[in-house]
Amino acid sequence: MSTSRAKVYARRRKRRLSRKTHDLTDQQWAALVEAWGGCAYCGATDTALQKDCMLPIANGGRYTLTNVVPACRSCNASKCSTEVTSWLRRKHFDEAAFLTRQLEILDLLQDPGRHDPPETLAAGAGRLTQRGIARGLED
């Protein structure tokens, strides 16, 4: 891609971002990263994580607690501006396991009266592990 083309895309993205209200705080992002324990899609833990919008900004998504998950660079680049469920199907990841875990984590983070540590989401019988989402397996 030429430099001028990249600048045009960067300006468009900046305009799209400025038109939306993004309310994901640094504390919420840190809690999401801790709760997921790695990339929300493939489970990678040995790489830097990026904010990935399940509903892409290009399609009207915003940086909010309910729309953002931590993703490794590889998964984030692969997903691009695709909606999360169609991308999960294309990559042969377990869509139901991902969505179930997403709801569990949101329940944990949005319920201030609940004091379970994030580790409990991956522990215990019948709970899904990070690698289980990528492979479609259950503990």
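Leu32 is buried, with a relative accessible area of 0%, where buried stands for under 20%, exposed for over 50% and partly exposed for the range in between, using a 1.4 Å probe and protein chains only. The structure is a predicted model, in which local features need pLDDT of at least 70 and side-chain atom pairs count only at pLDDT 80 or more, while totals for chains, interfaces and linings use all residues. Residues are numbered from 1 along each chain as its sequence is written, and side-chain values use heavy atoms, with hydrogens and water left out.

**Surroundings of Leu32**

- Leu32 belongs to helix H2, which covers residues 26-36; helices are DSSP runs of H or I with at least four residues, numbered from the N terminus.
- Leaving aside residues up to four places away in sequence, Leu32 touches Leu24, Leu65, Val68, Pro70, Ile105 and Leu109, a contact being heavy atoms within 4.5 Å.
- Between Leu32 and Leu106, 74 residues apart in sequence, the C-alpha to C-alpha separation is 8.7 Å.

**Positive phi in two loops**

- Most residues other than glycine have a negative phi.
- Cys80, although not a glycine, has a positive phi of about 55°, and this residue sits in the loop between helix H3 (73-79) and helix H4 (84-90).
- Cys80 counts as exposed because its relative accessibility is 56%.
- His92 is likewise not a glycine and has a positive phi of about 65°; its place is in the loop between H4 and helix H5 (95-110).
- With a relative accessible area of 67%, His92 is exposed.
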